[in-house]
Amino acid sequence: MQLVATPASHFARKVRLLLDHYGLAYDMVDAGNVAEFSEDKFAGNPLMLVPVLNDGDLTVYDSDHIAAYLVRKHDPADRYGVLTTDVRELNARTVLNGMMSAETRLLLGARTGLNTENQPFFDKARAVFTKGFDWLDANIDLFNAETPRYLDFHLISSLDHMECYGLATPDQPPLRVLRDKLRGHASIAASSPPEPVVYA
Ligand SMILES: N[C@@H](CCC(=O)N[C@@H](CS)C(=O)NCC(=O)O)C(=O)O
């Protein structure tokens, strides 16, 4: 299997955490600067986003779609709760995906030369972090620091990425405790984002 991603990508990390917890081997192909849009960079994904999974003849786009594909193929018992139909858990997934998109908006805006300060479009992205942290704190019972599941992989991928790029960090003590406990698992720490890459 081949995962087209970047070492710092938060959307890719939740898939990598699942692959790692299953002990599935894969090669990571670094897509480099995802703000660029050369045709072949994204393994045929017309949305020009990573991650993309290549598995034999199959190509799978989108992190949650890839996660569900891996579960159906390798873990019918769904040990990490990827195929949940619980409405609150799926709301949490939606909130986290929205926060992660806000991260991308700010980073790629700045990376492509936009001034992201005092601009309503980017101010709204930053407000998503504040409101998102409040929502996560109010729904903290959905997470499990002792035996992490896909939702926990999702949370730590977002929080670590935000911090790595200096975007935001939660003030809520329970959320910080949860984050630190998740970071304490060697299986999670192993894929922590590297120092941010600065593209010329
Ligand atoms: N819904 C997609 C979002 C993926 C995404 O936004 N990936 C970022 C990198 S972490 C990206 O490729 N961004 C390029 C862009 O927004 O142009 C998923 O879950 O895989």
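In this predicted model, 14 residues of domain 1 make contact with 19 residues of domain 2, where contact means heavy atoms within 4.5 Å. The protein chain is divided into domain 1 (2-74) and domain 2 (87-189); these bounds come from an automatic or database domain assignment. Between the C-alpha centres of the two domains the distance is 20 Å.

Residues are numbered from 1 along each chain as its sequence is written.

Helices (H or I, at least four residues) and strands (E, at least two) are DSSP runs numbered from the N terminus. An open sheet of 4 strands has the order β2-β1-β3-β4, with mixed pairing; two strands pair if DSSP finds at least two bridges between them. β2 (27-30) and β4 (58-61) stand at the edges with a single partner strand each, so one side of each has no neighbour in the sheet. From one strand to the next, the twist averages 20°. Angles run from 0 to 180 degrees between N-to-C directions, and axes are lines fitted to C-alpha atoms, for helices over the stretch in contact.

Strand β1 (residues 2-5) runs parallel to β2 and is joined to it by 4 bridges. Leu-3 has Met-28 of β2 as its bridge partner. Helix α1 packs on the sheet and touches β1 and β2, its direction making about 155° with that of β1. Helix α2 also packs on the sheet, where it touches β1, β3 (52-55) and β4; its direction makes about 135° with that of β4.

**The loop between β2 and β3**

Pro-51 is found in the loop between β2 and β3, and a cis peptide bond with omega of about 10° joins Val-50 to Pro-51. Ala-43 also has its place in the loop between β2 and β3. Phi of Ala-43 is near 50°, a positive value in a residue other than glycine.

**The pockets**

Pockets are found on a 1 Å grid over the protein atoms alone: a pocket is an open set of points where a 1.4 Å probe fits, with protein on both sides within 12 Å along at least five of seven lines, and lining residues have an atom within 4 Å of a point. Grid points are joined across faces, edges and corners, and a volume is the space filled by probe spheres set on the points. For the classes, Ala, Val, Leu, Ile, Met, Phe, Trp, Tyr, Cys and Pro count as nonpolar, Asp, Glu, Lys and Arg as charged, and the others, Gly among them, as polar.

| Pocket | Volume | Lining by class |
|---|---|---|
| Largest pocket | about 710 Å³ | 19 nonpolar, 11 polar and 5 charged residues |
| Second largest pocket | about 190 Å³ | 8 nonpolar, 1 polar and 2 charged residues |

The largest pocket is lined by 35 residues, and Phe-11, Val-34, Leu-49, Val-50 and Thr-104 lie nearest its centre. Its lining draws at least three residues from each of domain 1 and domain 2. α1 (10-22), α2 (63-74) and α3 (87-111) each supply at least two residues of this lining, and the largest share, 6 residues, comes from α3.

For the second largest pocket, the lining includes Leu-106, Arg-126, Tyr-165 and Val-197. Here α3 gives the most to the lining, with 4 residues.

Key. This is a predicted model: local features need pLDDT of at least 70, side-chain atom pairs count only at pLDDT 80 or more; totals for chains, interfaces and linings use all residues. Side-chain values use heavy atoms; hydrogens and water are left out.
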